[in-house]
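Please read the points below beside the sequence and the model. They are set out as a colleague's note, one topic to a paragraph.

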Amino acid sequence: IHFGRSIFRMNKAKGERPRRFQIRRRGELSYEDHRFICLIHDISENGIFIICNYYLEIGQELAVRFELGPGLHFEAKIKVRHFSDGCCGAQIIEVDPRSDSNWKQFLSDNYADQSRLSERRARL
């Protein structure tokens, strides 16, 4: 996989998270010679929330692959930002141009008017 420079940038005020969109897709994580299945739970403009059965370390960099929709493949390099009980929040740090185009198309086609809305959070 060849990745270009990261083109994902925070457009929000400091401390404000980008809106998350639930997608639930089967994916694959890999690093070195290791490959394992994961579930992509939700995405934002610059990150992914992943569920997996393997322990991931904060700061670890991995490759992720999944299909956003029919024919919209996505591959990127991610960095683990938090991990707890099989749930991982990861920042997208590098992405190839085709995957970037697919990502933008998917967000635009499915969530164009929602990206400006404040994030809904469940109260515990």
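**Notes on the predicted model**

1. Of the contacts in the protein chain with a separation of 6 or more, 55% are accounted for by residues 24 or more positions apart, a contact being heavy atoms within 4.5 Å. This is a predicted model, in which local features need pLDDT of at least 70 and side-chain atom pairs count only at pLDDT 80 or more, while totals for chains, interfaces and linings use all residues. Residues are numbered from 1 along each chain as its sequence is written, and side-chain values use heavy atoms, with hydrogens and water left out.

2. The protein chain has one helix and six strands, and along the sequence they follow the pattern β-β-β-β-β-β-α. Helices (H or I, at least four residues) and strands (E, at least two) are DSSP runs, numbered from the N terminus.

3. Of the 124 residues in the protein chain, 41% are buried; buried means under 20% relative accessible area, exposed over 50%, and partly exposed in between, with a 1.4 Å probe and protein chains only. The chain exposes about 8100 Å², and carbon and sulfur atoms supply 45% of that area, as computed by the Shrake-Rupley method with a 1.4 Å probe, where for residues only the protein chains shown count as cover.

4. Which residues touch the most other members of the largest nonpolar core? Among its 29 residues they are Leu 29, Ile 43 and Ile 48, where a nonpolar core is a set of buried Ala, Val, Leu, Ile, Met, Phe, Trp, Tyr and Cys residues joined through side-chain atoms within 4.5 Å. At least two residues of this core come from each of strands S1 (21-31), S2 (34-43), S3 (47-51), S4 (61-69), S5 (72-84) and S6 (87-95), and from helix H1 (97-111). S5 gives the most, with six residues.

5. Ile 48 deserves a separate look. Leaving aside residues up to four places away in sequence, Ile 48 touches Ile 40, Asp 42, Ile 43, Val 64, Phe 66, Phe 74, Ile 78, Cys 88, Gly 89, Ala 90, Ile 92 and Trp 103. Arg 20, in the segment before S1, is 28 residues from Ile 48 in sequence and 8.6 Å from it in space, C-alpha to C-alpha; at 29% relative accessibility, Arg 20 counts as partly exposed.

6. H1 has 15 residues and reaches 21 Å from its first C-alpha to its last, close to the 21 Å expected at 1.5 Å a residue, the expected span being 1.5 Å times one less than the number of residues. Its buried residues are Ser 99, Asp 100, Asn 102, Trp 103, Phe 106, Leu 107 and Tyr 111. They lie on the same side of H1 because they cover an arc of only 165 degrees around the axis, taken from the directions from the helix axis to the C-beta atoms. An α-helix has 3.6 residues a turn, so residues three or four places apart point the same way.

7. The buried residues of H1 pack against S1, S2, S3, S4, S5 and S6, whereas the face turned away from the buried side carries the exposed residues Pro 97, Arg 98 and Asp 109. Ser 99, with a relative accessible area of 4%, touches His 73, Phe 74 and Glu 75, not counting residues up to four places away in sequence.

8. Phe 21, in strand S1, is buried at 3% relative accessibility.

9. Most residues other than glycine have a negative phi. Glu 32, in the loop between S1 and S2, has a positive phi of about 50 degrees although it is not a glycine, and it is exposed at 72% relative accessibility. Asp 85, in the loop between S5 and S6, has a positive phi near 50 degrees and is exposed, with a relative accessible area of 74%.
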